[in-house]
Amino acid sequence: MFTIEMLPAAHGDCLWIAYGSVRNRRRILIDVGVAGTDRALRQRIADAGESCEIELFVVSHCDADHIEGAIGLLKRPPRGVTFKDVWFNGWRHLPAGPRRRLGGVQGEMLSTLLCDLGLPWNRAFAGGAAAIIDELPSCPLADGMKLTLLSPTLEELRRLRPKWQQECAKKSVVPGSVESGREALERHGRRLGE
């Protein structure tokens with residue numbers, strides 16, 4: 001069995017993918033929409049039962065309509081939810097070198113939450129960037145599910161770095177600093193669904 005649900009996420013995205021048998025349901029979560037849209041997802045997690053293991057949580061990129069709901073979800077994780085891996089390219093994954101509402105600041109907040117919660121981060125990529133290096137990476141998940149990463153390349157991540165720095169500088173956030181990320185979470189908490 002394989003289902004894909006598009007959960008309400010305002011003008012953003014929130015995809016809930018379920019696969020496997022009824023007895024052994026596996027889940028993949030992709031993005032969580034804007035601030036406050038994590039409510040529908042929280043209900044979906046509650047409907048899954050007392051414990052809800054998510055095989056893979058993908059935050060595709062840090063535009064606000066993909067990442068803000070993820071920050072709200074992780075600031076107050078639902079009881080019983082666990083994540084086997086989280087794919088997200090934070091500051092530390094952007095190679096040095098030479099969009100719409102890009103959220104470098106939101107990226108720092110999510111990075112801080114991943115660190116503070118001790119969640120597995122880009123485990124399928126040995127903690128490095130979830131990116132195409134020489135060929136399309138194929139990542140096996142439980143029960144025979146296999147995902148192939150189609151984007152980004154390291155060059156695309158490299159081009160993101162100056163914009164990320166610029167967005168962080170506007171809000172006095174230091175890229176790569178967990179402490180600075182915590183301060184940003186405190187300052188922007190209400191706007192992100194607290």
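Which residue just after α1 takes a positive phi? I looked it up in this model, which is predicted. The residue is Gly 49, with a phi of about 120°.

**Entry on helix α1.** I went back to the helix itself, residues 38-47, and found Asp 38, Leu 41 and Ile 45 buried. Looking down the axis of α1, I saw its buried residues fall within an arc of 55°, so they line one face of the helix. I noted the general rule that an α-helix has 3.6 residues a turn, so residues three or four places apart point the same way. On the face turned away from the buried side I found the exposed residues Arg 39 and Asp 47. I then checked what covers the buried residues of α1; the cover includes β2, β3, β4, α2 and β6.

**Entry on the cores.** The largest nonpolar core has 40 residues, and I listed those that touch the most other members: Leu 29, Leu 41, Phe 57, Phe 83, Phe 88 and Leu 110. Among the elements that give two or more residues to this core are α1, α3 and α4. Apart from it I found another core of 12 residues, including Trp 87 and Met 145.

**Entry on Phe 88.** Leaving aside neighbours within four places in sequence, I found Phe 88 in contact with residues including Val 59, Ile 67, Leu 110 and Trp 164.

**Entry on the rings.** My search of the whole structure gave four aromatic pairs. One of them joins Trp 91 and Trp 164, tilted, at 6.5 Å centre to centre and 45° between the planes. Trp 91 counts as buried because its relative accessibility is 12%, under the 20% cut-off. The charged end of Arg 161 sits over the ring of Trp 91, 3.9 Å from its centre. I also noted the charged end of Arg 92 over the ring of Trp 121, 3.8 Å from its centre.

Conventions. Residues numbered from 1 in each chain as written. Predicted model: local features only at pLDDT ≥ 70, side-chain atom pairs only at ≥ 80, totals over all residues. Heavy atoms only, no water. Buried < 20%, exposed > 50% of the residue type's maximum accessible area, 1.4 Å probe, protein only. Helix = DSSP H or I, 4+ residues; strand = E, 2+ residues; numbered from the N terminus. Arc of directions from axis to C-beta. Contact = heavy atoms within 4.5 Å. Core = buried A, V, L, I, M, F, W, Y, C linked by side-chain atoms within 4.5 Å. Phe/Tyr/Trp six-rings, centres within 6.5 Å; stacked < 30°, edge-to-face > 60°. Lys NZ or Arg CZ within 6 Å of the ring centre and 35° of its normal.
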